[in-house]
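Dear colleague,

Please find the structure below, followed by a short account of what was found in it.

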Amino acid sequence: MLCPACGAPTTRVIDSRPAEGGQTIRRRRECESCAHRFTTYERLEPQLMVRKRDGRLEPFSTAKLSAGISAALADRPVSGSSIERLAEKVEASLRSQGAQVSSEDIGVEVLERLRALDEVAYLRFASVYKEFQDAADFEKEAALVLRDEGSA
Ligand SMILES: [Zn+2]
């Protein structure tokens, strides 16, 4: 935590107590450079829940998300760290939408980013995640990608 007065990186905690009925920890800090005192609050990051197609709720799993993205990118020229970054961006975006997201929300987030990263992976993921009504939908999607490629 940088000192808000002088920007020094080293501050020490001089007091720490529960606030908001125990939901929060309030800390008084003092800058070791300029002795400026300020307050920070620490909160538990809320558990992100995923609403499945059948209406059940389950806790969001970063591991599952990464596994899904990795599967779509199998054999593609994309590094493991790119996959990790993509999963992190998707998770951050989902968390900004609230405490609950649907499977579809996750699918859309991943698809948007995969499309920019790797079109083959995008189509693979789309075929699994979007639950295309029939083969025609998948072909339509493939045609869209091919058209984009042609214009690029
Ligand atoms: Zn300072």
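Which residues of H2 are buried? They are Ser 82, Ile 83, Leu 86, Ala 87, Val 90, Glu 91, Ser 93 and Leu 94, where buried means under 20% relative accessible area with a 1.4 Å probe and protein chains only. Please note that this is a predicted model, in which local features need pLDDT of at least 70 and side-chain atom pairs count only at pLDDT 80 or more, while totals for chains, interfaces and linings use all residues. Residues are numbered from 1 along each chain as its sequence is written, and side-chain values use heavy atoms, with hydrogens and water left out.

Helices (H or I, at least four residues) and strands (E, at least two) are DSSP runs, numbered from the N terminus. The cover over the buried residues of H2 includes helix H1 (62-72), strand E6 (100-102) and helix H3 (103-117).

Val 110 is located in helix H3. This residue counts as buried because its relative accessibility is 0%. Leaving aside residues up to four places away in sequence, Val 110 touches Leu 65, Ile 69, Val 90 and Phe 125, a contact being heavy atoms within 4.5 Å.

As to the metal, Cys 3 (SG), Cys 6 (SG), Cys 31 (SG) and Cys 34 (SG) coordinate the zinc ion at 2.3 Å; donors are N, O and S atoms within 2.8 Å of the metal (3.2 Å for Na, K and Ca). Cys 3 lies in the segment before strand E1 (11-19) and Cys 31 in strand E2 (residues 24-31), so the pair ties together parts 28 residues apart in sequence. Both Cys 3 and Cys 31 are buried.

Yours sincerely

Notes
Buried < 20%, exposed > 50% of the residue type's maximum accessible area, 1.4 Å probe, protein only.
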